[in-house]
Each structure stands twice: as C-alpha cells, then as structure tokens.
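Reader: Hi! Could you walk me through a few side chains in this one?
Author: Happy to, here it comes.
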Amino acid sequence: QVACGVGRAEAPVRHGAALPQGLDSSLQQWGVVAPGQRQALATRLRGAAEAAMAALLAAEAELSPQQRGGARARTDLLGVDFLLACVDDALELVALSTNSQRCLETCLLAEAMGRAVGEPPGDLPRLLAEALLHRAQCHLVEGKDILLIGAGGVSKSFVWEAARDYGLRVRGLGR
C-alpha cells in the first residue's frame with residue numbers, strides 16, 4: 001500500500017497534516033506524465049521498501065527477544081517513509097524512517113478516501129485485522145502456564161520457540 005503526502009521542500013511533510021493521495025496522482029502532479037515512467041518509479045519504490053524491510057528483519061533476527069524489546073515489541077506492521085527528490089533532473093528515492101502507526105493510519109485514510117470515490121478495496125484492512133487478531137491471541141496466552149502432553153519431537157521445535165516469543169511458560173509431560 002502506498003500513500004503519498006505532497007509538501008514543500010522547505011517544510012517537512014507530516015502524516016497528520018498532509019492529505020494522502022495515491023502515488024500515480026502525486027507523480028502526475030510532479031509532471032511525470034508517461035505511464036511507463038510512473039510504473040517504473042512505483043516498481044523502484046516497492047523494491048526499495050522491500051529491501052529496507054528485509055534489512056530491518058535481518059538485523060532484528062540477530063537480536064535476542066529482550067534486545068528486540070521483549071514479547072510485546074511489535075514489528076508485524078511497519079511502514080517505510082520515503083522522500084521523492086529531484087536530483088540532477090532524475091527522481092530519487094531516499095528512505096527516511098520506519099514506523100508502525102503513522103504510515104498505517106495514512107494508508108487506511110487514503111484507502112477509505114479511494115473507496116468513497118469508487119476505487120476497489122485493497123488488502124490493507126484485512127492485513128491489519130489479521131495482525132491485530134494475532135496480537136490479541138498472543139496477549140490472551142501471555143504469561144500463562146501451558147501443559148503439553150506428548151508435545152512431539154524435534155520436528156515441532158518451532159512450537160517451543162514461538163511459545164517463548166509469546167511469553168508462555170510451557171510445562172511438558174513425557175510419554
């Protein structure tokens with residue numbers, strides 16, 4: 001999901017103060033009229049966002065749960081803020097930050113505005129609901145004692161890792 005906020009070069013664009021609009025509309029306002037150019041830039045943006053997220057996830061994977069912020073630290077919904085700048089007559093993407101709330105709110109607002117004018121719904125509401133339901137389920141079992149009987153062998157070791165990440169205390173009985 002991409003939502004754009006257009007602002008002036010001398011003042012930062014703030015999520016809460018800029019009216020979100022689609023990437024295609026924003027690029028047309030910038031004078032990028034050729035559909036192929038707009039699509040190429042959209043592809044570059046998606047690739048840059050995915051690369052930033054992959055780098056973040058790789059760095060996070062090397063941290064212990066405590067270094068990541070504990071069981072309640074959340075990186076399941078993240079946004080990447082980019083600045084689109086004109087450098088030597090070429091449009092360049094500059095990654096600014098990652099965050100979890102502001103981008104999500106802006107994208108949801110943009111999607112709601114799009115539906116109001118007949119755009120088809122996107123995946124964002126479904127993805128948000130899935131992530132929030134997962135968080136709620138984890139919260140329900142956090143700190144609880146779970147007794148597993150016949151919990152399986154080595155092939156089920158991912159269960160133990162997930163239980164630790166969710167803050168569960170697991171007790172097992174052998175066969």
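Author: What follows is a short chat about salt bridges and one serine in this predicted model.

Reader: Nice. How many salt bridges does a search of the whole structure find?
Author: The search turns up 2 salt bridges.

Reader: Which residue does Asp 24 pair with?
Author: Asp 24 forms a salt bridge with Arg 38, at 2.5 Å from N to O. This links distant parts of the chain, since Asp 24 sits in helix α1 and Arg 38 in helix α2 (residues 35–61), 14 residues apart.

Reader: And is Arg 38 buried or exposed?
Author: Arg 38 counts as buried, because its relative accessibility is 10% and the cut-off for buried is under 20%. Asp 24 is partly exposed, at 40% relative accessible area.

Reader: Okay, what about Arg 44, which residue does it form a salt bridge with?
Author: Its partner is Glu 92, and the closest N and O atoms are 3.9 Å apart. Here too, distant parts of the chain are linked: Arg 44 belongs to helix α2 and Glu 92 to strand β2 (residues 90–99), 48 residues apart.

Reader: How accessible is Arg 44?
Author: Arg 44 is partly exposed, with 40% relative accessibility. Glu 92 is partly exposed as well, at 35%.

Reader: Changing topic: where does Ser 26 lie?
Author: Ser 26 is in helix α1, which covers residues 23–29. Ser 26 is buried, with a relative accessible area of 6%.

Reader: What does Ser 26 touch, leaving out residues up to four places away in sequence?
Author: With those left out, Ser 26 touches Cys 4, Val 6 and Gln 21.

How values were computed: Residues numbered from 1 in each chain as written. Predicted model: local features only at pLDDT ≥ 70, side-chain atom pairs only at ≥ 80, totals over all residues. Heavy atoms only, no water. Helix = DSSP H or I, 4+ residues; strand = E, 2+ residues; numbered from the N terminus. Buried < 20%, exposed > 50% of the residue type's maximum accessible area, 1.4 Å probe, protein only. Contact = heavy atoms within 4.5 Å. Salt bridge = Lys/Arg side-chain N within 4 Å of Asp/Glu carboxyl O.
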